[in-house]
Amino acid sequence: MKFFVTGANGMLGHDVVQELLKRGYEVTGSGTKQDFSWKNGRPDCGYACLDITDREAVVRTLEREKPDAVIHCAAWNAVDLAEEEANRGNVMAVNALGTGYIAESCVKTDCKLIYISTDFVFDGSGEKPASADETSFGPLNYYGMSKLEGEKKISASMEKFYIVRTSWAYGVNGENFVKTMIKAGKKHDTVRVVNDQIATPTYTRDLARLLADMAESDKYGFYNATNEGGFVSKYELILEAYRQFGLDTKVIPVTTEEYGPILAMRPKNGRMCKEKIKKQGFLPLPDWRDALNRYLAEETFLSNEVKNGTDQCCEKCRRYRGSLCDHSRRSQRQQRELL
Ligand SMILES: NC(=O)c1ccc[n+]([C@@H]2O[C@H](COP(=O)([O-])OP(=O)(O)OC[C@H]3O[C@@H](n4cnc5c(N)ncnc54)[C@H](OP(=O)(O)O)[C@@H]3O)[C@@H](O)[C@H]2O)c1
């Protein structure tokens, strides 16, 4: 199969390209930059510089590339900045119009489209998890509105599509909440984290595996996809991240209101039901705690500390650096205390 991946310089796009290459597929990544801008070096595959808001360019590029599937990871993702009047036109152009041009080109070239959407298309009221085929939408912010418009452009114009909604994504090739809070935890004795926004975090490496599985099948439709292991607040996520990383920083739970004003409202209920993944025969994502452990091991800022200190993990339990043991965590903590 031949794949075209938009947003290939982003957090999810990076992991999707890696997953597809690992499976031996022909891949062309794309983004607005002249070439790949990965921190860990350029992958050995094609690249197309493409602004998805340029309709002619999208049609021309996909007609030239003739992929069997497009995995569309490009988006305007700065949720707070998306609220600003000056940015709104651009947000809609990328997330809605650009997505529409990609859908149009996929129809023309008879190729599958996998679009990544978000729990932010829902209004976040109540406590019930949204089903994959839920249709009562109510985005609370402009980013959510634009992503919903993107969904509609696809579902109204084509059949061979997957719309995969995810939440709280983190991965090595991008800034994310977990990374930000680890950095904050290394600097401060105390951090405040909201405890009334509930969802499930998603490791982009795990999501990339599922997206590739979907592309290999034809069980089209709407899906919710996050890691497994239940629903948690952002507070619980950061507590667990600090525990795994070996940070003693005190985490104070606060409500969204107590946290203070931010530009974009976030849904408090980001719970999504993922039953459809299993029902359709796809392998669900692993538990979020396991995912977090693998992510923290993959991050270079963590690996560097391990390399500089204890080297390849632990003499005692002989576990490899990829799965940090309690002994090595303790040892890292001791090293940090020495610095
Ligand atoms: N991050 C989350 O927590 C989260 C949660 C739910 C859903 N999602 C969805 O998951 C998908 C992937 O998110 P992510 O966090 O991996 O995003 P990301 O790291 O912000 O990457 C997005 C990429 O989109 C590309 N892009 C932006 N404007 C473009 C344009 N006009 N034309 C072409 N490419 C453009 C950028 O490419 P260049 O770098 O080349 O400019 C950028 O690398 C998105 O659809 C997002 O809405 C994310």
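**Exercise 1.** In this predicted model, work out how helix 3 and helix 4 (residues 142-157) lie relative to each other, starting from their axes.

*Solution.* Begin with the geometry: the axes of helix 3 and helix 4 cross at roughly 15° and come within 9 Å. Next, apply the cut-off: angles under 35 degrees count as roughly parallel. Helix 3 and helix 4 are therefore roughly parallel to each other. Now look at who takes part. Helix 3 brings residues including R88, V91, M92 and N95, while helix 4 brings Y142, Y143 and S146 among others. Finally, sort the contact residues by type: 8 are nonpolar, 6 polar and 5 charged.

**Exercise 2.** Describe the packing of helix 5 (residues 177-187) against helix 7 (residues 234-245).

*Solution.* Take the numbers to start: the two axes are 10 Å apart, and the packing angle is about 60°. That angle makes helix 5 oblique to helix 7. The crossing of helix 5 past helix 7 is right-handed. On the helix 5 side, the contact uses F177, V178, M181, I182 and G185; helix 7 answers with K234, I238, A241, Y242 and F245. By type, these residues divide into 8 nonpolar, 1 polar and 1 charged.

**Exercise 3.** Find which residues surround the ligand and which helix gives the most to the shell.

*Solution.* Count the shell: 29 residues surround the ligand, the closest being G7, G10, L12, G31 and A169. Then turn to the elements: helix 1 (11-22), helix 3 (85-108) and strand 5 (112-118) each give two or more residues. Helix 1 gives the most, with 3 residues. Last, the types: 12 nonpolar, 14 polar and 3 charged residues make up the shell.

Technical notes. Residues numbered from 1 in each chain as written. Predicted model: local features only at pLDDT ≥ 70, side-chain atom pairs only at ≥ 80, totals over all residues. Axes fitted to C-alpha atoms, helices over the stretch in contact; angles between N-to-C directions. Helix = DSSP H or I, 4+ residues; strand = E, 2+ residues; numbered from the N terminus. Parallel < 35°, antiparallel > 145°, perpendicular 65-115°, else oblique. Left-handed = near helix turned anticlockwise from the far one by under 90°. Contact = placed C-beta atoms within 7 Å. Nonpolar A, V, L, I, M, F, W, Y, C, P; charged D, E, K, R; others polar. Near = placed C-beta within 6 Å.
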